[in-house]
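Hi everyone, thanks for coming. I'd like to walk you through one model today, so let me put it up on the screen.

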Amino acid sequence: MEENRETILEDKVKEYLLSTNKTIDEAILEEGTAVFKERTRKQFMEDRAIKKGSFYASSAGKCPRQNWYKFRGYPEERFDRYETRLKFWFGDLVEVGVAMLLKLAVGDDFKTDDISCKRTYDYGDGIQRNIIIDGLYKNEAVCECKSMNDRQYAKFVSNGMDNEGGYLTQINIYMDAWGLDKTILFGVNKDKSKFHEQIIKKDMKYIVEARERFKIVLGEDLPSRAHAVKLGFVKMFEGEPKGWLSIEDPLPWKSKFTFIKHSRLSWQCEYCGHLVECWKDEFKQKFVDDKPMMLKEEIGDDNDKKEA
Ligand code: SF4
């Protein structure tokens with residue numbers, strides 16, 4: 001993205017971090033502590049609650065079939081790894097800390113209280129559902145903070161936020177609920193301690209799409225899958241699976257590996273709590289280099305197995 005991009009909060013936070021004569025603000029500390037407790041309880045002390053009839057802004061841009069299962073209270077079965085729990089918690093810590101930092105740097109123009117940041121929203125079925133934003137700037141812009149790994153951050157800085165994970169849909173719903181036309185998105189690189197701000201303007205296209213998806217979710221018929229499978233190979237070394245190669249990747253010439261042809265679920269499906277129900281017995285969880293993947297071995301003639 002061009003370096004003359006518009007920013008509102010980024011410089012204020014940098015200035016605050018480098019300033020001297022800082023003072024202690026007990027109210028901000030207390031508020032941050034309360035949010036920290038709530039996030040920690042959610043990640044470490046509670047099982048995921050299944051609530052029938054739930055539909056969230058954070059999933060409004062995602063696969064309608066996933067939302068259909070969720071809306072009907074299907075139990076979630078995901079291959080949780082302990083690393084995933086920690087990863088979500090680290091992400092929460094970054095977001096709680098940055099919200100506090102924004103309050104310190106911006107002052108009263110940045111609000112995080114319930115009255116400013118909680119609203120109800122109707123996706124089109126007449127039922128009001130709660131939505132919560134990270135912060136509100138001067139009643140002019142929704143503020144959202146997103147922690148990212150280094151790869152996601154580099155993509156965000158170069159191209160801006162995309163809607164691959166439904167994030168643009170989510171923040172457009174927020175803007176619609178608050179009647180505002182812009183969001184300040186604060187992306188934080190949790191691997192390299194950097195941040196970058198992007199101003200995102202409201203685009204009604206995302207609201208219209210979310211409402212269309214919601215109609216599908218309300219329907220009786222199971223929606224079709226939003227994500228295709230990927231074709232590729234599991235690399236085998238001395239009888240052990242040692243990594244994944246997409247069909248587009250060139251096969252290394254004269255490699256020490258044997259390649260077994262598999263289909264693999266997309267990353268969206270591998271993170272979906274309903275992947276087992278959705279793909280029933282077709283795909284099985286396998287560990288490749290200690291990472292769980294949903295794979296289906298393609299059984300066929302000798303061409304299905306390649307040796308380089
Ligand atoms: S597994 Fe994939 S296609 Fe199936 S519901 Fe989940 S996200 Fe949608």
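This is a predicted model: local features need pLDDT of at least 70, side-chain atom pairs count only at pLDDT 80 or more; totals for chains, interfaces and linings use all residues.

The shell around the ligand is made of Cys63, Arg65, Gln66, Arg225, Ala226, His227, Gln268, Cys269, Cys272, His274, Leu275 and Cys278. By class, that shell has six nonpolar, four polar and two charged residues. Three helices each give at least two residues to it: H3 (64–71), H9 (267–270) and H10 (275–279).

Now, which domains does the shell draw on? Both domain 1 (10–218) and domain 2 (230–307) contribute, with at least three residues from each.

How far apart are the C-alpha centres of these two domains? They are separated by 33 Å. Where the domains touch, ten residues of domain 1 are in contact with nine of domain 2. On the domain 1 side, those residues comprise four nonpolar, one polar and five charged.

The largest nonpolar core contains 38 residues, and Val142, Cys143, Tyr174 and Phe186 have the most contacts inside it. Helix H3 is among the elements that give this core two or more residues, and the others include helix H4 (82–106), strand E5 (141–148) and helix H7 (167–178). If you zoom in on Val142, its contacts beyond four places in sequence are Ile133, Leu136, Ile171, Tyr174, Met175, Trp178, Leu180 and Thr183.

There is also a second, separate core, with eleven residues, including Cys63, Leu265, Cys269 and Met294.

Methods. Residues are numbered from 1 along each chain as its sequence is written. A residue is near a molecule or strand if its C-beta atom, placed from the backbone, lies within 6 Å of it. Helices (H or I, at least four residues) and strands (E, at least two) are DSSP runs, numbered from the N terminus. Ala, Val, Leu, Ile, Met, Phe, Trp, Tyr, Cys and Pro count as nonpolar, Asp, Glu, Lys and Arg as charged, and the others, Gly among them, as polar. Domain bounds come from an automatic or database domain assignment. Two residues are in contact if their C-beta atoms, placed from the backbone, lie within 7 Å. A nonpolar core is a set of buried Ala, Val, Leu, Ile, Met, Phe, Trp, Tyr and Cys residues joined through C-beta atoms within 7 Å. A residue is buried if 20 or more other C-beta atoms lie within 10 Å of its own, exposed if 12 or fewer, and partly exposed in between; C-beta atoms are placed from the backbone.
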